[in-house]
Amino acid sequence: MHTLELPVLTEQQQLLSSADGAGRALYVETYGCQMNLNDTEIVQAIMAGQGYRLTTSIEDADVVLLNTCAIRDNAERKIHERLKHLRYWRKRKPQMVVGVLGCMAERLRSSLLGEQGLVDIVVGPDEYRRLPELVERAFEGELGIAVKLSRVETYDDITPIRTQGISAWISIMRGCDKFCTFCVVPFTRGRERSRPLASIVREAENLWEQGFREVTLLGQNVNSYRDPGGAGDFADLLAAVATAVPHMRIRYTTSHPYDMSDRLIETMAAYANICPYIHLPVQSGSNRILQLMNRHYTVEQYLGRIEKIRATIPGCALSTDIIVGFCTETDEDHQQTLELLRTVRYDGAYMFKYSPRENTKAWKMGDDVPDHVKSQRLDEIIQLQNRISWEINQTEIGRTVEVLVEGPSKRDSTQWQGRTDTNKVVVFPHIGATAGYIVGDVVKVRIERATSATLLGCIAE
Ligand code: SAH
Ligand code: SF4
Ligand code: F3S
């Protein structure tokens, strides 16, 4: 299999590489969204700069870091469980340093220190530059915490260490100022701030040279991106990246419907390498609930955006996020969400039960929809959406689609998988070394079967 070389360390990273960490092994586990995955790559770069080497086995690790998510209660529960399991390793390796990073670290702060007799350091998303210092002190037996949020930190000068694949994430901004009433992100990631446009374009160019074939520009609300020097907004950034790396597939996430401008939609249509796929979280189909959620749009305005997208970018795939059981949600509100799913006919959706988060506005509104009602509503929307996704995917049968080859399929290694530009997973038999294509190539696949989640076919030609 074609594998990518590890990106070369920057000069600054090389200079530092003889420093404190000297050969100690770092293991990082990542939970939550793509921004966290990219943050882990930044953390790896910071630690490698101090001489730590990366390992994929806990057994081998001197430092274990969990980069955590706080978006819903079950995300946090998973981490508490994981910490319990890590006690086993701690007993075998008492010198091991364990740290909690990310959104849960920011939310729970010092209450995490010493959890399970285990957590040595707690570091929030804007304090990763302090990690080497805190880890060193932890080796001397000192507990450490760093959870200040910053108005300026974007880690713009740090080249993330990406260890796999042909697809890379680029964080273009950090934080969120939207304050949806259910959401913990503005509290765990702080105020919105953008990286310079020129530096993002340079990063995309470097990634192309290193062999990456797809980049996803990341932000909690990319539509509020603004170059700090006034060089443009998100549509300008997309156009600049698309021009600089004309053969790179370009994706982005996430858009907030309120800020999804006509200009952005038109920019997407103007460049062949900007993928015709938009994740546009709607959250609910009820105007009353949308208002309680502080989403700043009505169902009618949202549908207007969908119409504009479909008229401007033919064949554009769409996905969304839905929360069921938000405070005061009635059966009528729920029916309106089902109706919205039927109207838009998304290619896919991420669907969640409302989970109250402390300190958010909605926390004070209460959590009055009983769990069994939330479960029932969730089942209903999942069933409906699966049926719609299945029906849409059936229409792909008989078509030949362009697939960016990612590698062996997760379920069956005799098959390979890749994605269409509309972000659909395509699985096809790999015909061995003589196949004439490798990871990172774009191949034509004729679709023969489809489930609600996957297209299956054979190489055409
Ligand atoms: N910034 C992105 C999403 C961030 S979180 C956006 O605005 O789209 C991803 C999704 O998690 C949200 O879209 C929402 O559907 C869900 N989510 C956020 N907070 C939640 C909560 N308290 N309970 C349940 N789901 C939640
Ligand atoms: Fe959370 Fe809303 Fe910001 Fe998304 S836009 S991160 S849901 S506050
Ligand atoms: Fe989770 Fe933080 Fe991302 S709460 S979803 S890891 S921004």
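Predicted model: local features only at pLDDT ≥ 70, side-chain atom pairs only at ≥ 80, totals over all residues.
Reader: Where should I start with the strands, and which residues make up β10?

Author: Strand β10 covers residues 214-218. Five of its five residues are buried, so the strand is mostly covered.

Reader: Which way do the side chains of β10 point?

Author: The general idea comes first. In a regular strand the side chains alternate between the two faces of the sheet. In this structure, E214, T216 and L218 point one way from β10. V215 and L217 point the other way. Both groups are buried.

Reader: Which strands pair with β10, and in what sense?

Author: Strand β7, residues 167-171, pairs with β10 in the parallel sense over five bridges. There, A168 has V215 of β10 as its bridge partner. Strand β11, residues 249-253, also pairs with β10 in the parallel sense, over five bridges. In that pairing L217 stands opposite Y252 of β11.

Reader: How does the chain get from β10 to β11?

Author: The chain passes through helix α8, residues 234-244, on the way from β10 to β11. This β-α-β crossover is right-handed.

Reader: What is the strand order in the sheet that holds β12, β13 and β14?

Author: The order is β12-β13-β14, and these three strands form an open sheet with parallel pairing. Its edge strands are β12 (277-279) and β14 (348-353), each of which pairs on one side only. On average, neighbouring strands of this sheet are turned by 10° against each other, direction ignored.

Reader: How many bridges join β13 to β14?

Author: Six bridges join β13, residues 317-324, to β14, and the two strands run parallel. I323 stands opposite F352 in β14.

Reader: Is S286 buried or exposed, and where does it lie?

Author: S286 lies in the loop between β12 and α10 (287-292). With a relative accessible area of 1%, S286 is buried, because buried means under 20%. The C-alpha atom of S286 is 6.4 Å from that of T337, although the two residues are 51 residues apart along the chain.

Reader: Now for charges. How many salt bridges does the structure hold?

Author: Again, the general idea comes first. Side chains of opposite charge can pair when their charged atoms come close. This structure holds 40 salt bridges.

Reader: Where do E133 and R137 lie?

Author: Both are in helix α5, residues 131-139, four residues apart, which is about one turn of the helix. E133 and R137 form a salt bridge, with their closest N and O atoms 2.8 Å apart. E133 is partly exposed at 32% relative accessibility. R137 is partly exposed too, with a relative accessible area of 35%.

Reader: Which parts of the chain does the pair D177 and R191 link?

Author: The side chains of D177 and R191 meet in a salt bridge of 2.7 Å, N to O. The pair links distant parts of the chain, 14 residues apart. D177 is in the loop between β8 (173-174) and α6 (185-189), and R191 is in the loop between α6 and β9 (193-194). D177 counts as partly exposed at 38% relative accessibility, and R191 is partly exposed with a relative accessible area of 23%.

Reader: Which helices hold K308 and E266?

Author: K308 forms a salt bridge with E266, and their closest N and O atoms are 2.9 Å apart. K308 lies in helix α11 (residues 299-312) and E266 in helix α9 (residues 262-270), so the pair ties together parts that are 42 residues apart in sequence. E266 counts as partly exposed at 39% relative accessibility.

Reader: Which residues are joined into one network by shared partners?

Author: D39, D126, R174, R189 and R193 are joined into one network by salt bridges that share partners.

Reader: Last come the ligands. Which residues surround ligand 3?

Author: The shell around ligand 3 consists of C33, N36, C69, A70, I71, C103, R189 and Q220. By class, this shell has five nonpolar residues, two polar and one charged.

Reader: And which residues surround ligand 2?

Author: Ligand 2 is surrounded by C176, K178, F179, C180, F182, C183, V185, P186, Q220, H256 and R295. Its shell divides into seven nonpolar, two polar and two charged residues.

How values were computed:
Residues numbered from 1 in each chain as written. Chains lettered and ligands numbered in written order. Heavy atoms only, no water. Near = heavy atom within 4 Å. Nonpolar A, V, L, I, M, F, W, Y, C, P; charged D, E, K, R; others polar. Salt bridge = Lys/Arg side-chain N within 4 Å of Asp/Glu carboxyl O. Buried < 20%, exposed > 50% of the residue type's maximum accessible area, 1.4 Å probe, protein only. Pairing = 2+ DSSP bridges. Axes fitted to C-alpha atoms, helices over the stretch in contact; angles between N-to-C directions. Right-handed = clockwise from strand over helix to strand, strands pointing away.
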